[in-house]
Amino acid sequence: MLALALGGFGIGTTEFASMGLLPAMAAGTGVSEPVAGHFVSAYALGVVVGAPTIAALAARVERRTLLIALMATFVVGNLATALAPGYESLLAARFLAGLPHGAYFGVAALVAAHLAEPGKRAKAVATVMMGLSVANVVGVPATAFFGQILGWRSAFVLVVIIGIVTLVALARLVPPLAGVHVSNPVAELGALSRVQVWMTLIFATVGFGGSFAVYTYISSTLTDVSGLPHAMVPVALMLFGSGMILGNVVGGRIADNAVVPGLFGCMIALICVLALFIVAAHNPVTALIVLFFIGMAVTAIFPAVQSRLMDAAGDAKTLASTLIHGAFNLANAGGAWIGGVVIAAGYGYTAPAAVGALLGVAGLIVLTIAVLLDRRRRDEPAADG
């Protein structure tokens with residue numbers, strides 16, 4: 001579990017590091033900050049493409065071997081990021097770095113669920129995802145710190161080092177996992193025929209888009225709107241990550257008790273804090289407080305989404321577990337794009353929060369429709385009887 005979480009730590013660090021370093025990456029590649037937001041989108045699209053492709057093609061691969069191969073690809077992608085000479089090559093490197101993201105988390109979540117005690121599946125998944133949350137407390141602020149002192153490329157060198165340490169940990173600490181479910185490409189692709197799988201993915205994509213729109217441009221929002229000194233941005237990112245850790249713990253317990261009510265409650269909480277951030281962003285203290293709760297609300301939803309998706313997928317659990325990360329990163333890509341659009345249109349750095357709250361409402365509508373469809377499907381056999 002420690003090795004699996006360490007992989008999540010490395011992946012979480014590289015995923016969110018770009019957001020804290022976006023102004024520097026924009027200056028270093030000679031583009032505007034909204035255009036530099038494409039680096040975030042490129043990584044996210046890599047996740048979207050890589051998650052289903054790898055899950056299907058590697059369905060028969062032993063899980064430990066697959067995890068090691070995915071982490072090796074992660075190291076190569078981030079090394080290419082650190083060495084990329086210009087805008088186009090950096091886009092390609094971020095896309096490559098994103099390819100193993102969804103598959104790694106999906107397989108790691110299945111392994112954790114397989115090893116979990118009865119009734120503690122969501123908590124085990126949350127433990128693996130804890131690496132992602134800790135990344136926002138330690139990894140992302142560290143990359144922001146080194147990025148400000150040594151340049152943004154040094155941040156991704158640090159990510160490469162984390163990836164190499166993870167490779168060693170996976171090889172030494174994770175035993176062969178013969179007991180973990182191994183499927184085949186045809187069975188895995190069967191997940192795509194299930195309505196509830198698609199509804200859950202749409203819910204995640206729409207509902208989370210706004211939080212990524214806010215977080216992508218959080219560095220400039222805190223300095224230009226909140227009046228926070230540049231030196232305090234790593235501290236703000238650490239605070240956001242602390243909220244993610246607490247949300248991860250709370251979300252795992254909520255999901256083990258009641259998945260669907262947990263989804264509704266946590267999404268409503270996310271909508272509220274995003275709406276509140278529109279006003280809170282104008283003061284450094286209130287901005288930091290609400291940022292903490294945004295981080296908490298985002299990760300509190302994840303264990304329940306993962307559990308619902310695995311239940312809906314039947315035998316195609318690997319593809320389903322990876323697709324959710326593709327959905328989150330599609331939300332990431334869409335959020336970065338929407339955030340750039342409203343900022344470039346002159347609405348300011350608080351506009352993405354307003355859009356995010358509206359997207360959260362849309363996510364609630366999708367979830368309501370999904371629950372109603374599921375209830376109708378369950379009632380039909382009873383009615384026929």
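In which helix is the place of Ala-113?

Mentor: Ala-113 has its place in helix α6, a segment that covers residues 101-115. The model is predicted, so local features need pLDDT of at least 70 and side-chain atom pairs count only at pLDDT 80 or more, while totals for chains, interfaces and linings use all residues. Residues are numbered from 1 along each chain as its sequence is written, and side-chain values use heavy atoms, with hydrogens and water left out.

At 19% relative accessibility, Ala-113 counts as buried (under 20% relative accessible area is buried, over 50% exposed, in between partly exposed, with a 1.4 Å probe and protein chains only). The setting is a chain of 16 helices and zero strands (DSSP runs numbered from the N terminus: H or I of at least four residues for helices, E of at least two for strands). Of its 385 residues, 56% count as buried. Among contacts with a separation of 6 or more, 85% join residues 24 or more positions apart (a contact means heavy atoms within 4.5 Å).

The largest cavity has a volume of about 260 Å³, and the count of cavities of 30 Å³ or more comes to two. On a 1 Å grid over the protein atoms alone, a cavity is a set of points where a 1.4 Å probe fits but cannot get out, whereas a pocket is an open set with protein on both sides within 12 Å along at least five of seven lines; lining residues have an atom within 4 Å of a point. Grid points are joined across faces, edges and corners, and a volume is the space filled by probe spheres set on the points. The largest cavity is lined by 21 residues, of which Phe-16, Leu-132, Phe-212, Met-244 and Val-298 are the closest to its centre. Helix α6 supplies at least two residues of this lining, as does each of α1 (2-20), α7 (121-150), α10 (195-216), α12 (233-257), α14 (284-313) and α15 (317-344).

In helix α1 lies Gly-10, which counts as buried at 1% relative accessibility. Leaving aside residues up to four places away in sequence, Gly-10 touches Phe-74, Val-159 and Ile-162. Its C-alpha atom is also 7.1 Å from that of Ala-135, at a sequence distance of 125 residues. In helix α12 lies Asn-248, which is buried with a relative accessible area of 2%.

The open counterpart is the largest pocket, with a volume of about 330 Å³. Of its 13 lining residues, Gln-196, Ala-312, Asp-374, Arg-377 and Arg-378 are the closest to the centre. Two or more residues of this lining come from each of α10, α13 (259-280), α14 and α16. Helix α16 gives the largest share, four residues.

Helix α16 (residues 351-384) likewise gives the largest share, again four residues, of a nonpolar patch. Val-195, Val-361, Ile-365, Ile-369 and Leu-373 make this surface patch of about 400 Å². Patch residues have over 30% relative accessible area and no salt bridge; like charges are joined within 9 Å and nonpolar side chains (Val, Leu, Ile, Met, Phe, Trp, Tyr) within 5 Å. A salt bridge here is a side-chain nitrogen of Lys or Arg within 4 Å of a carboxyl oxygen of Asp or Glu. Val-361, found in α16, is partly exposed at 38% relative accessible area. Ala-354, also found in α16, is partly exposed at 29%, and its C-alpha atom is separated by 8.5 Å from that of Phe-277, 77 residues apart along the chain.

Key: Accessible areas come from the Shrake-Rupley method with a 1.4 Å probe; for residues, only the protein chains shown count as cover.
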